[in-house]
Amino acid sequence: MFVDSATVFVTAGRGGDGRVSFRTEKYVEKGGPDGGDGGKGGDVIFVADENTSTLVDFRIKQELKAENGEPGGIRRRHGKNGADRTVKVPVGTMIIRDGDLIADMTAPGQRVVVAKGGDGGFGNAHFKSSTRQAPRVAELGEKGEAFEASLELKLVADVGLVGFPNAGKSTFLSVVSNARPEIADYAFTTLTPNLGVADIDDTSLLIADIPGLIEGASEGKGLGDAFLRHIERTAVILHLIDAYSDDPGQAYLTIRKELENYSDTLAKLPEVVVLSKTDGLDTEIVDHQKAAIVAVAAKGSTVLAMSSTAKQGTTEVLRALAATVRTVRAKQAETLAQTEDETDETIISLSTRQLDDGWRVREEEGAYIVTGPKIERFAARTDYGNVHSINRLRDIMKKMGITHELLRKGASGEDLIRFGEEGASQMTLEEIS
Ligand SMILES: Nc1nc2c(ncn2[C@@H]2O[C@H](COP(=O)(O)OP(=O)(O)OP(=O)(O)O)[C@@H](O)[C@H]2O)c(=O)[nH]1
Ligand SMILES: [Mg+2]
């Protein structure tokens, strides 16, 4: 079954808690702190896999969860890291979170960490200092990232095959490539996209064959235009027109209109237009039908004729496609290089370190909201049931200058202090100063 969209829930592993423990030895009444760190939570990693062709699996297993890290042990033993969860998706899968594209899996073998596991908490062995000989404090493990993501498959091919049902699209694919799609002399034989690789000279072309289009496809007629998104990322459109058509020019314009109605991207793609099934036809008729297309075809389009079953003209068609693909890809590479140059100039580079240490305090409805990656992480790792852990957060806030800013903004006693926009953790100023 071909499925090209799905919703999943990704949950990275939680970091293991740090441990509070003290060395116990014979004859030593109270040893030093030796609580180990918690293990890191596993990541959720997506991999673009060439042998996967649909998102059908995700209709059933919708929760993609990595393992949690284990807590730290005594004698400084580090907790075991949680195992990553690796998820195979078809090449061309886009991963979307809250409407934003967070990863586009366009290259075979590409790996992307989609949700990061939480760090393990430090055990108390870390917190020994000259003034604090017996620290009863350890950090909690950090939460792993967790969110709902939509997966949208948009095939990545070089050539997209379009035309009326029965135009001979699947037959062409079966003759020039390794693909073995279903072929029959009735409309809508092809119900879901087929992919095939064709070798021509020293290049390979990945060709996507989609279900036939009819007039009104963009309004849902026939199988509709739902499959057109799978050819939006191609470099060239191969438009087939049956040589037995009464009016090949009209046939061409009808399909063009559906492409233009669908999207600007499709409308702008270069095309190779080919009169198909020319075997058994006189040269004059072939020329006449071809001329009818040339008369109306978009400027710059290549118009050819071929017979897939007799393998006449198919090599020329592949060559024309390969040449167009080469030009388009070269242009794309050029624009990419250009935009990269431009971004180099305009982005003021802030080191990660600076970004990490930044924080802000603002007042909102009587509460004070403290935001910033570093302080939010510390707050999330604080065990609010443990006075030692709270003391540590207090020390960090003082050191970072946040407490000073809170007082300056007029915070006092019972005022609520929240950490992070979501405000998962909150305390009163009294409790942390
Ligand atoms: N004589 C001849 N018949 C062909 C040629 N190419 C395709 N056909 C026939 O045309 C019919 C339709 O071919 P398909 O390849 O299934 O057409 P399609 O465009 O994929 O059709 P849909 O999947 O329905 O959109 C079949 O009966 C083929 O055998 C050709 O080059 N010459
Ligand atoms: Mg077909």
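Ile95 has Ala103, a residue of strand E6, as its bridge partner. This pair belongs to a predicted model, in which local features need pLDDT of at least 70, side-chain atom pairs count only at pLDDT 80 or more, and totals for chains, interfaces and linings use all residues. Residues are numbered from 1 along each chain as its sequence is written, while chains are lettered from A and ligands numbered from 1 in the order in which they are written. Helices (H or I, at least four residues) and strands (E, at least two) are DSSP runs, numbered from the N terminus. Two strands pair if DSSP finds at least two bridges between them.

**Domains**

- The domain assignment gives domain 1 (5-153), domain 2 (159-338) and domain 3 (352-432). Such bounds come from an automatic or database domain assignment.
- The centres of domain 2 and domain 3, taken over C-alpha atoms, are 61 Å apart.

**The five-strand sheet**

- This open sheet has 5 strands in the order E3-E1-E8-E5-E6, and its pairing is mixed.
- Strand E3 (63-65) and E6 are the edges, each with a single partner strand, so one side of each has no neighbour in the sheet.
- From one strand to the next, the twist averages 30 degrees. Here axes are lines fitted to C-alpha atoms, for helices over the stretch in contact, and angles run from 0 to 180 degrees between N-to-C directions.
- Strand E5 (residues 93-97) and strand E6 (residues 100-105) run antiparallel, joined by 5 bridges.
- The hairpin of E5 and E6 has 2 residues between the strands, and Asp98 there takes a positive phi near 50 degrees.
- E5 also runs antiparallel to strand E8 (residues 146-153), with 4 bridges joining the two.
- Within E8, Leu153 is the bridge partner of Thr93, and Glu152 is the bridge partner of Met94.

**The three-strand sheet**

- Here 3 strands form an open sheet in the order E4-E2-E7, with mixed pairing.
- Strand E4 (85-90) and strand E7 (111-115) are the edge strands, and each pairs on one side only.
- Neighbouring strands of this sheet are turned by 35 degrees against each other on average, direction ignored.
- Strand E2 (residues 44-49) is joined to E7 by 4 bridges, and the two run antiparallel.
- Arg111 in E7 is the bridge partner of Val47.

**A further hairpin**

- Strand E15 (residues 360-364) and strand E16 (residues 367-371) pair over 5 bridges in the antiparallel sense.
- Ile369 in E16 stands opposite Arg362.
- In the hairpin of E15 and E16, 2 residues lie between the strands, and Glu365 takes a positive phi near 45 degrees.

**Ligand 1**

- There are 23 residues around ligand 1; Gly168, Ser170, Asp185, Thr190 and Gly212 come nearest. A residue is near a molecule or strand if its C-beta atom, placed from the backbone, lies within 6 Å of it.
- Helix H1 (residues 169-176) gives the most to this shell, with 3 residues.
- The shell divides into 7 nonpolar, 12 polar and 4 charged residues. Ala, Val, Leu, Ile, Met, Phe, Trp, Tyr, Cys and Pro count as nonpolar, Asp, Glu, Lys and Arg as charged, and the others, Gly among them, as polar.

**Confidence**

- The average pLDDT (the predictor's confidence in each residue, from 0 to 100) is 89, and 93% of the residues score at least 70.
- Confidence is highest in strand E13 (residues 271-276), at a mean of 98, and lowest in helix H6 (residues 352-357), at 48.
- Over residues 343-355 the pLDDT is below 50, and this stretch has 2 contacts in the model beyond near neighbours in sequence. Two residues are in contact if their C-beta atoms, placed from the backbone, lie within 7 Å.
- Where pLDDT is low, the predicted coordinates should not be read in detail.
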